[in-house]
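Colleague: I would like to go through the labels on this model and hear what stands behind each of them. Please set the values against the cut-offs.

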Amino acid sequence: MATQEFITHSAEETIALGRTLGGMLAPPKLVLLRGDLGAGKTTLVKGIAEAFQAASAEDVTSPTFTLVHEYRGPQANLYHIDLYRIDTPRQLETLGLDDLITNNSILLIEWGEKFARFERERDVEIALERLDDRLGQRSSEPASNQGSEDSAENARRIRITTT
Amino acid sequence: MAGAYILGIETSCDETAASVVYSGERLVSNVVFSQIAAHQPYGGVVPELASREHLKAIVPVVRKALADASQTYHSIDALAVTQGPGLAGALLVGIGYAKALAFALDKPLIAVNHLEGHIHAVLLEERQKNNREMSFPVLALVVSGGHTHLYLAEQQDEHWSYQNIGHTRDDAAGEAFDKVAKLLGLGYPGGPIIDKLSPHGDPTAVKFAPSQLKHRDRKDNGDPVAGSRFDFSYSGIKTSVLRYVERHDMEASIESRRKALSKMEKPALEDYLLHCDRQTLNLVASFQRALVGDLITKTLAAARACNAATLFVTGGVAANNELRRRFEQDATMEGLPAYFPSRPLSTDNAAMIAAAAYPKFLAGEFATMDFSAEAGMVLR
């Protein structure tokens, strides 16, 4: 088990980190993406998809509504999966994710930690969290500056754990 | 020009729908079996569940569409079905059924892009009102739970072509509505609830910075192609609402609201209002104001840049009251005629599929029996 930690300061940097990370992922892989709403999970996938020449960053969008987005690259098929609205094992079963696991597939699963099986089966876990831009404090702590609801250039802490 | 009764079938996502439309200009019947009730306990659309519901509903829905139109399987001239984009399993139910029916009846089958359908929903209703003089190019904003797309549409004889000039870089507008509603404990689907609650809050109470509605995944300076694009981003505003909730310690009241509302079978507006404090109503109103404002600003900027002569606003979010009102006002001020579908034709329906199929029927663009669902289908 090895953990690496990165700090990015903009969406551009998060995408760039995704590109680097994509270069290090060889299929088959099951990757869990952990982080609250707006932590930057889809942004990171934009970079990973670019690394695999599977899609350009601007074409990678949130799969919340559609649940599974597929991006085909020359070396691997990427499946960007969002389980935000899936709550029970029965619903998960009906998604048929097992059919997507093949030798050249990479599954990038958001909200996979809701289900114990993914905690067990995952090869890589990427945890993303928002950092307060100036104070470096966790975003869940109350901010002193009431007026700034602006999260434009917020920093992200990204921890990558491999088994 | 040959008139034709076309039976349209649509199963791309939430709704099982069938409709008979005459020559793309007269809605004869329109049946929509909404699966929202079936999905509600899960807070969203679950694909396999969707497919199963479509399977259950499709035969009675088609029969009712024919009966309402005083038509039979044999009297219609052609069938049309949604090919994509959508959930693969759900699309396949409609496609499989339409293929079997077309084969058995020996009628032509037309495959239609769902997004093209939304654009033709507007045309169908305008023709029905005897408005046949559309000035081109038409700029169409298709805005729903899964889409926020801007298309420039041109027509040459019977052939329509579309150029995508903008789309969301992250979340669709309808998804932002859904996620904000869910994180505020208001349930699913979120758009209609937020729309109903917004007039009860102060839309100027919470300020969302313009930067929260700007996509930041590309440095698009000087690139002429990038410069001509009008992309949207609704992930940032969702995060801002979440941060607002965290900073103002609203979690406990949200949780109690979620619990109270989930116990009710069909909460009425009064029930929502009873469980929403002023702060929540202000947040909801401010969120809607900001999102709607951004949709309008970017769409009108695109219309100016592309010299659009006509504006269409269509898709599920086009049913939003504030969006319609402000689009009408602002587009009129720019001398741009703006058209919306009626509310029943804003959300997913099959009339739009039957209407979009008519030009293809005239051009003889029929689907072969080997075509299949295209989950990520692009509109060109």
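Colleague: What makes B:Cys306 count as buried, partly exposed or exposed?

Modeller: Buried means under 20% relative accessible area, exposed means over 50%, and partly exposed lies in between, with a 1.4 Å probe and protein chains only. B:Cys306 has 21% relative accessibility, so it counts as partly exposed. As for the origin of such values, this is a predicted model in which local features need pLDDT of at least 70 and side-chain atom pairs count only at pLDDT 80 or more, while totals for chains, interfaces and linings use all residues; side-chain values use heavy atoms, with hydrogens and water left out. Residues are numbered from 1 along each chain as its sequence is written, and chains are lettered from A and ligands numbered from 1 in the order in which they are written.

Colleague: Which label does B:Cys276 get, and why?

Modeller: B:Cys276 has a relative accessible area of 9%, so it is buried.

Colleague: How many disulfides are there over all chains?

Modeller: A disulfide is a pair of cysteine sulfur atoms within 2.5 Å. By this rule the count over all chains is 0.

Colleague: What makes H5(B) and H8(B) roughly parallel?

Modeller: Axes are lines fitted to C-alpha atoms, for helices over the stretch in contact, and angles run from 0 to 180 degrees between N-to-C directions. Angles under 35 degrees count as roughly parallel, over 145 as roughly antiparallel, 65 to 115 as roughly perpendicular and the rest as oblique. The axes of H5(B) and H8(B), residues 235-247, come within 10 Å and cross at roughly 10°. The two helices are therefore roughly parallel to each other. On the H5(B) side, the contact (heavy atoms within 4.5 Å) is made by B:Lys179, B:Val180 and B:Leu183. H8(B) contributes B:Lys238, B:Val241, B:Leu242 and B:Val245.

Colleague: Where does B:Asn130 lie, and is it buried or exposed?

Modeller: B:Asn130 sits in the loop between H4 and E6 of chain B. Its relative accessible area is 61%, so B:Asn130 is exposed. B:Asn130 is not a glycine, yet its phi is positive, about 70°.

Colleague: Why is B:Asn307 given its accessibility label?

Modeller: B:Asn307 has 60% relative accessibility and therefore counts as exposed. B:Asn307 belongs to the loop between helix H11 (278-305) and strand E9 (310-314) of chain B. Its phi is about 50°, positive although B:Asn307 is not a glycine.

Colleague: Which residues does the cis peptide bond with omega of about -10° join?

Modeller: That bond joins B:Gly84 and B:Pro85. B:Pro85 is in the loop between strand E4 (78-84) and helix H3 (88-105) of chain B. Another cis peptide bond, with omega of about 0°, joins B:Phe136 and B:Pro137.

Colleague: How many helices and strands does chain A have?

Modeller: Chain A has 4 helices and 7 strands. Of its 163 residues, 56% count as buried.
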